[in-house]
Amino acid sequence: MTDNTVGKRPLSVLGLGAMGAALAFAWLAAGHPVTVWNRTPARAEPLAAAGASVAASAAEAVAANALVVLCLLDDDSVGEALAEADLSGKDLVNLTTGSPADARARAEWARERGARLLDGGIMAVPPMIGVPETGGYVFYSGSRDLFDTHRDTLAVPSGTRYVGEDPGFAALHDVALLSAMTGMFAGVHHAFALIRKEDIAPKGFAALLADWLVAMASMVHTTGDRLESGDRTTGVVSNLAMMVAGDATLLRTAEEQGVSPELLTPYMALMARHLQDGHGEEDGTGAIDLLVR
Ligand SMILES: NC(=O)c1ccc[n+]([C@@H]2O[C@H](COP(=O)([O-])OP(=O)(O)OC[C@H]3O[C@@H](n4cnc5c(N)ncnc54)[C@H](OP(=O)(O)O)[C@@H]3O)[C@@H](O)[C@H]2O)c1
């Protein structure tokens, strides 16, 4: 049997929920010596069986290695778990989901305790961890030097995308992508509601809907281009006046099909406001300005 542990950086993983356990298994499988801790000890048993050392407390897990990965439920759990730990000289990688403000405050909190903190936002679900071909990755932000120091280790469970020195940027990118996804889910659910009572097979409709969303995804790039250039009118193929007029048909169809329009109307109201402000020849990009307070 070959030894795959040579030269592999040891690390501690705190939090063995669905995601933390997947991460810890991936590092173990790649030959990294891993120390694990979980508030509920039974969750560490499968990791111990796979070769991890189990720490009796979070403080013990932190003491075991210079590199400490946190994957807990929320930012409060990070503060609670690390309350008794000596963080001086430690490199913390916080993969716990939080807001940008949480990440910035936690980075400062770590600095005051003598530690460096890199924040991460995971763009994957647990089955994608350790399976590079699924395309999962983690946004990282904070010290570039800290990221570069641990880059190879961090690349083991998932892809890495470093997005800047501001510790809040990983969370901001994470939440921005999740917010777009939420809006997309709202549209998808409305579409299925429209056909729900008809003799239309959901699976066949799903294929049409998925292809349509992929075809429409190019508008994301158009929006980015327009925000950078400031040009809201050149080459507009679907202008705001036409789209707002079309909204009436979408709403009437919802009424005819007995479907609540509640997922669509806030967005439609925003577009109508932008039209009233005199932007009928633009596409929808300018409505972003109405959102920013
Ligand atoms: N699962 C996903 O699809 C996914 C995807 C992207 C990002 N994430 C993020 O990854 C993080 C972990 O998610 P998960 O899916 O692993 O969640 P999970 O299965 O619910 O596990 C939560 C973990 O947090 C621990 N915990 C909760 N409160 C604690 C506290 N006060 N002190 C110490 N430990 C505490 C739990 O310990 P116990 O076992 O003792 O309860 C458990 O280890 C979250 O921030 C989540 O947003 C998850």
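**Briefing: sheet, cores and surface patch**

Strand β5 (residues 91–94) runs parallel to β6 and is joined to it by 4 bridges, where strands are DSSP runs of E with at least two residues and helices are runs of H or I with at least four, numbered from the N terminus. This is a predicted model, in which local features need pLDDT of at least 70 and side-chain atom pairs count only at pLDDT 80 or more, while totals for chains, interfaces and linings use all residues. Residues are numbered from 1 along each chain as its sequence is written, and side-chain values use heavy atoms, with hydrogens and water left out.

**The sheet**

- The open sheet has 8 strands in the order β3-β2-β1-β4-β5-β6-β7-β8, with mixed pairing; two strands count as paired if DSSP finds at least two bridges between them.
- Because β3 (53–54) and β8 (159–162) stand at the edges with a single partner strand each, one side of each is left without a neighbour in the sheet.
- V93 has L118 as its bridge partner in β6.
- Strands β1 and β2 also run parallel and are joined by 4 bridges, and L11 stands opposite V34 in β2.
- From β2, V34 and V36 point one way and T35 and W37 the other, and all are buried, that is, under 20% relative accessible area, with exposed meaning over 50% and partly exposed in between (1.4 Å probe, protein chains only).

**The nonpolar cores**

- The largest nonpolar core has 30 residues, and V13 and V36 have the most contacts inside it; such a core is a set of buried Ala, Val, Leu, Ile, Met, Phe, Trp, Tyr and Cys residues joined through side-chain atoms within 4.5 Å.
- Among the elements that each supply at least two residues of this core are β1 (11–14), α1 (18–29), β2 (34–37) and α6 (144–154), and the largest share, 8 residues, comes from α1.
- Leaving aside neighbours within four places in sequence, V13 is in contact (heavy atoms within 4.5 Å) with G20, A24, W27, V34, T35, V36, W37 and V69.
- A second, separate core of 20 residues includes V78, L82, W109 and A115.

**The nonpolar surface patch**

- L178, M181, M184, F185, W212, L213 and M216 make a nonpolar surface patch of about 620 Å², with accessible areas taken from the Shrake-Rupley method with a 1.4 Å probe and, for residues, only the protein chains shown counting as cover.
- Patch residues have over 30% relative accessible area and no salt bridge, with nonpolar side chains (Val, Leu, Ile, Met, Phe, Trp, Tyr) joined within 5 Å and like charges within 9 Å; a salt bridge is a side-chain nitrogen of Lys or Arg within 4 Å of a carboxyl oxygen of Asp or Glu.
- Helices α7 (169–195) and α8 (202–216) are the elements that give two or more residues to the patch, and α7 gives the most, with 4 residues.
- M216 lies in helix α8 and counts as partly exposed because its relative accessibility is 37%.
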